Structure formats: C-alpha cells, structure tokens
Amino acid sequence: YLEVFRNRSLPKTREEFETRATLLQLFRELEHFIQIKVDFYNRYSDKNSKRRNATSKVMKLAFNSRSN
C-alpha cells in the first residue's frame with residue numbers, strides 16, 4: 001500500500017493531504033493490529049504447527065499483495 005501512495009501525484013489541497021495521511025496511518029495501524037492477532041493466535045492456539053504455518057503464509061501473502 002505504501003507504493004500506491006508514493007506513485008500517486010501530490011495532494012492538491014490541505015484537505016486531500018490530511019485525508020491521505022489519515023488513510024496511511026489507518027493502514028499502518030490495521031497492519032499492526034493484524035500482526036498482534038497473528039502473534040496471539042500463534043502463542044495461544046493449540047500446538048498444531050500446520051495451522052500456525054498456514055496462518056503465517058496467509059499473512060505474508062496479504063501484506064505482500066498490498067505492497068505490490
């Protein structure tokens with residue numbers, strides 16, 4: 001998602017700048033929240049490593065697709 005922001009033209013107004021800044025911060029907080037959830041799941045779920053590995057793979061795919 002960061003690349004999307006970098007590739008867009010600069011904001012024309014202060015309102016557009018503030019909107020983009022808020023949206024970027026929201027994305028970062030959401031990414032952090034999801035990482036906390038994954039860490040929590042990995043720590044407190046049953047010790048089934050296949051499920052933990054599958055969750056990690058899904059998270060990596062989700063974050064990689066956003067940055068492209």
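Helices here are DSSP runs of H or I with at least four residues, numbered from the N terminus.

**Figure 1. Overall fold of the predicted model.** Along the sequence the elements follow the pattern α-α-α. The protein has 3 helices and 0 strands. Of its 68 residues, 12% count as buried. The accessible surface of the protein comes to about 5900 Å², and carbon and sulfur atoms contribute 58% of that area. Among contacts in the protein with a separation of 6 or more, 38% join residues 24 or more positions apart.

**Figure 2. Helix α2, residues 14–44.** This helix has 31 residues. From its first C-alpha to its last, α2 reaches 45 Å, close to the 45 Å expected at 1.5 Å a residue.

**Figure 3. Buried residues of α2.** The buried residues of this helix are R20, L24 and V38. Buried stands for a relative accessible area under 20%.

**Figure 4. The aromatic pair F40 and Y44.** The structure holds 1 aromatic pair. F40 and Y44 form this pair, with ring centres 4.8 Å apart and 45 degrees between the planes. The pair counts as tilted because planes under 30 degrees apart would be stacked and those over 60 edge-to-face. Both residues lie in helix α2, 4 residues apart, about one turn of the helix. F40 and Y44 are both exposed, whereas R20, L24 and V38 of α2 are buried.

Definitions and conventions. Residues are numbered from 1 along each chain as its sequence is written. This is a predicted model: local features need pLDDT of at least 70, side-chain atom pairs count only at pLDDT 80 or more; totals for chains, interfaces and linings use all residues. Side-chain values use heavy atoms; hydrogens and water are left out. Helices (H or I, at least four residues) and strands (E, at least two) are DSSP runs, numbered from the N terminus. Buried means under 20% relative accessible area, exposed over 50%, partly exposed in between (1.4 Å probe, protein chains only). Contact means heavy atoms within 4.5 Å. Accessible areas come from the Shrake-Rupley method with a 1.4 Å probe; for residues, only the protein chains shown count as cover. Rings of Phe, Tyr and Trp (its six-membered ring) pair if their centres lie within 6.5 Å; planes under 30 degrees apart count as stacked, over 60 as edge-to-face and the rest as tilted. The expected span of a helix is 1.5 Å times one less than its number of residues.
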